[in-house]
Amino acid sequence: MHNTTPPTGAATAQARGALQIKDAVKSFGANRAVDGVSFVAEASKITGLIGPNGAGKTTLFNAIAGEGPIDSGSITLDGTRIDELKPHRVFSNGLARTFQIPRPFGKMSVLENVMLVPERQAGEKFWNSWLRPGLVARQERENLEKARSIIEFCGLTPVERQLAGAISGGQQKLVELARALMADPKIILLDEPGAGVNPALLDTIVDRIVALNKQGITFLIIEHNMDLVMSLCDRIVVMATGQVIAEGDAATIIADTRVVDAYLGGAHA
Ligand SMILES: Nc1ncnc2c1ncn2[C@@H]1O[C@H](COP(=O)(O)OP(=O)(O)OP(=O)(O)O)[C@@H](O)[C@H]1O
Ligand SMILES: [Mg+2]
């Protein structure tokens, strides 16, 4: 049996992690990939971000995470502007993301990948290693324990010694989730957590998202698997050609002809 209790310090019940996007624009040359997007991912809810290929979803995620800032508009996390911050500052403000294509360090073990997540450790100040070796050793031990319990929570204990490049794509997505959890995030952005994942592993991923959300972590999830979106998300935002064309609960989205038209008109099957 896996430990299904989220091990993160985010286990507080208060609503945190509200993400507000206002009039966001991001162009690549003449292509307005994100063209005036506004929506809110409510604190402690699961918001789905859907839309056909090329709609601008990943571009928006990158902008939110500080990788390729928006040209105009604003992005706030719990009322604090984050749209001008570098990725590591966005991360330390409590926002973690996973990538559409997992990016593990393939030649390192799963455990090493999870432990790599930067923390404000005393050991980073090199003199601490001489002056306060006990402190550094204790932090390293705590970091290892935390990584191990997160790995267990993500169902990765059986592969923790394997090279991250040698495990399945679905397991790599769980490694990304584990890495995100090391930061005790308020909000996690998942880019297509279900893509290329076998059904059994997908159940694990869904279970873990639900368990973490119950502890108050906010989620914003890009996903093409409609069953997954409809069952998991409290609210759904639909993008097409850089703009939000619909938003609401699953029933509202299913009934919206603009959504159907966007998918039929788009490249995505
Ligand atoms: N780095 C880039 N340079 C130039 N154009 C880009 C770049 N990244 C994305 N684009 C363009 O921006 C638009 C939006 O792409 P994006 O990857 O955000 O779509 P998406 O909604 O995530 O699609 P998918 O569902 O296929 O992942 C597309 O027209 C794409 O070609
Ligand atoms: Mg994408």
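Helix 1 gives the largest share of the shell around ligand 1, 3 residues. Helices (H or I, at least four residues) and strands (E, at least two) are DSSP runs, numbered from the N terminus. This is a predicted model: local features need pLDDT of at least 70, side-chain atom pairs count only at pLDDT 80 or more, and totals for chains, interfaces and linings use all residues. Residues are numbered from 1 along each chain as its sequence is written, while chains are lettered from A and ligands numbered from 1 in the order in which they are written.

**Around ligand 1**

- The shell consists of Phe28, Asn31, Ala33, Gly51, Asn53, Gly54, Ala55, Gly56, Lys57, Thr58, Thr59 and Gln100. A residue is near a molecule if its C-beta atom, placed from the backbone, lies within 6 Å of it.
- Two or more of these residues come from each of strand 2 and helix 1 (57-64).
- By type, the shell holds 3 nonpolar, 8 polar and 1 charged residues. Ala, Val, Leu, Ile, Met, Phe, Trp, Tyr, Cys and Pro count as nonpolar, Asp, Glu, Lys and Arg as charged, and the others, Gly among them, as polar.

**Arg32**

- Arg32 sits in strand 2 (residues 31-41).
- Arg32 is partly exposed because it has 17 C-beta neighbours inside 10 Å. The cut-offs are 20 or more other C-beta atoms within 10 Å for buried, 12 or fewer for exposed, and in between for partly exposed, with C-beta atoms placed from the backbone.
- Beyond its neighbours within four places in sequence, Arg32 is in contact with Val25, Ser27 and Gly242. Contact means that the two C-beta atoms, placed from the backbone, lie within 7 Å.
- Arg32 and Thr241 are 209 residues apart along the chain, yet their C-alpha atoms are separated by 8.3 Å.

**The nonpolar core**

- The largest nonpolar core has 69 residues. Such a core is a set of buried Ala, Val, Leu, Ile, Met, Phe, Trp, Tyr and Cys residues joined through C-beta atoms within 7 Å.
- Helix 6 (residues 169-181) supplies the largest share of this core, 6 residues.
- Val114, Ile150, Ile151, Ala178, Ile221 and Val238 have the most contacts inside the core.
- Leaving aside neighbours within four places in sequence, the contacts of Ile221 include Ile46, Leu190 and Leu232.

**Two positive phi angles**

- Asp78 is not a glycine, but has a positive phi of about 50°. Asp78 lies in the loop between strand 4 (72-77) and strand 5 (80-81).
- Asp184, also not a glycine, has a positive phi near 50°. Asp184 is in the loop between helix 6 and strand 7 (187-191).
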